[in-house]
Amino acid sequence: MSGHMPRQKTVLVTGYAVHQEVLAIAYASSITDKVISFAFYNGGKSIDCVSGLHVIATARRPEVLAELAELGMSTVALDVTDAESIRKCHEEVAKLNGGKLDILVNNAGRTHTHPALDISLPDVRATFETNVFAIMAMVQAFIDQLIAAKGLIINISSLSSITPYLFGSVYCASKAAVCAYSRTLRLELAPFGVRVMVSMTGTVKSNTASQGHRILPENSLYQKVKHIFEWRLVFSQNSNTMGTETFAKKLVADSLRSESPGWLRSLFGRPDWFWYGGMARAAWFGHSFGEWVVDAVCWNKFRMPEIMKLIGEDPAQKKRK
Ligand SMILES: NC(=O)c1ccc[n+]([C@@H]2O[C@H](COP(=O)([O-])OP(=O)(O)OC[C@H]3O[C@@H](n4cnc5c(N)ncnc54)[C@H](OP(=O)(O)O)[C@@H]3O)[C@@H](O)[C@H]2O)c1
């Protein structure tokens, strides 16, 4: 483990994934979490000339931790869905940072692409455990260190929280919960000087599409559009997808910007809402206009005319009736 230097700001990021470059290419995936870490690492070096940032990398798999340690990072084991693991992590981190945590990045996440009619509730609960309840638990566990540093919490949400991602109802609901939770948390933590930033993440290259490949059940009402379901499983990796490094660098740079008061914050300082990644600008624009714009765009984006033809009421036929 690398040591903590005086006055060095600490960043704790949940959910690292490190892969051999060759493997990463083979899986058509990438190394988002590692890049986030490096961006904080390098970003810190160039922005904070005094000492740089001290990145504490966490992951649940020992082989990932070993690789990160080899790169010279502080590492701590953490399964964000396990209360005991969070408690131990908090203890370990306090030894590394002297009880002050400047930035907590709640990045660990679980994708969930399945038609709402085909979901299994234990599976849904597992997604909410990782995407929602784990964030709540991490905030409660680390709030002492965050208050001590007057720190910043970055919760990684998604454009899916404000757009109807076809076959993504569970994921959308979990990420919308992150937004709603964070918005209120921001008010409640303001008296203690702790800030809350939400990343409205667009499509970014990562390993997400290779996480637990889902299968459409034989008796699914969507069997006729199985090809669209398959297309949807890898949508985030094929739709204006932004490079991980580009995304990570911007997230890091914006999170380290100075604090501006009120609405000026979004223009000049660290934004409360960080809209970035593939399609983020368009989603922000549509969202600002009204939900009907987003719904109308998504109808075509998610191939609903084709789905209606194959399993629904074709508008052309409806007209003829
Ligand atoms: N990529 C996109 O287009 C996109 C878009 C919007 C939002 N996001 C969000 O961005 C975040 C990062 O995802 P990603 O796209 O980089 O996917 P990813 O490559 O699959 O990374 C997800 C990471 O979360 C970790 N994780 C999952 N469950 C965990 C647990 N219980 N404890 C600790 N770590 C856990 C995974 O670790 P293991 O390797 O051990 O499973 C993995 O390192 C997620 O919150 C995701 O929802 C991504």
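Two strands are taken to pair if DSSP finds at least two bridges between them. In this predicted model, strand β1 (residues 9–13) meets that criterion with strand β2 (residues 53–59), to which five bridges join it. The two strands run parallel. Within this pairing, Leu 12 stands opposite Ile 56 in β2. Strand β1 is also joined to strand β4 (residues 103–106), here by three bridges. This arrangement is again parallel. Val 11 stands opposite Ile 103 in β4.

Strand β1 is mostly covered, with five of its five residues buried. Burial extends to both faces of the strand. Lys 9, Val 11 and Val 13 lie on one side. Thr 10 and Leu 12 lie on the other.

Leu 12 has contacts beyond its neighbours within four places in sequence. Its partners are Ile 56, Thr 58, Val 93, Leu 101, Leu 104 and Val 105.

Nonpolar side chains tend to be buried together in soluble globular proteins. The largest nonpolar core in the model has 55 residues. Val 11 and Leu 12 are among the residues with the most contacts inside this core, along with Ala 57, Leu 104, Met 138 and Ile 153. Helix α5 (residues 121–149) gives the most to this core, contributing six residues. A second core, of 10 residues, is separate. Its members include Phe 167, Val 170, Leu 233 and Phe 302.

Definitions and conventions. Residues are numbered from 1 along each chain as its sequence is written. This is a predicted model: local features need pLDDT of at least 70, side-chain atom pairs count only at pLDDT 80 or more; totals for chains, interfaces and linings use all residues. A nonpolar core is a set of buried Ala, Val, Leu, Ile, Met, Phe, Trp, Tyr and Cys residues joined through C-beta atoms within 7 Å. A residue is buried if 20 or more other C-beta atoms lie within 10 Å of its own, exposed if 12 or fewer, and partly exposed in between; C-beta atoms are placed from the backbone. Helices (H or I, at least four residues) and strands (E, at least two) are DSSP runs, numbered from the N terminus. Two residues are in contact if their C-beta atoms, placed from the backbone, lie within 7 Å.
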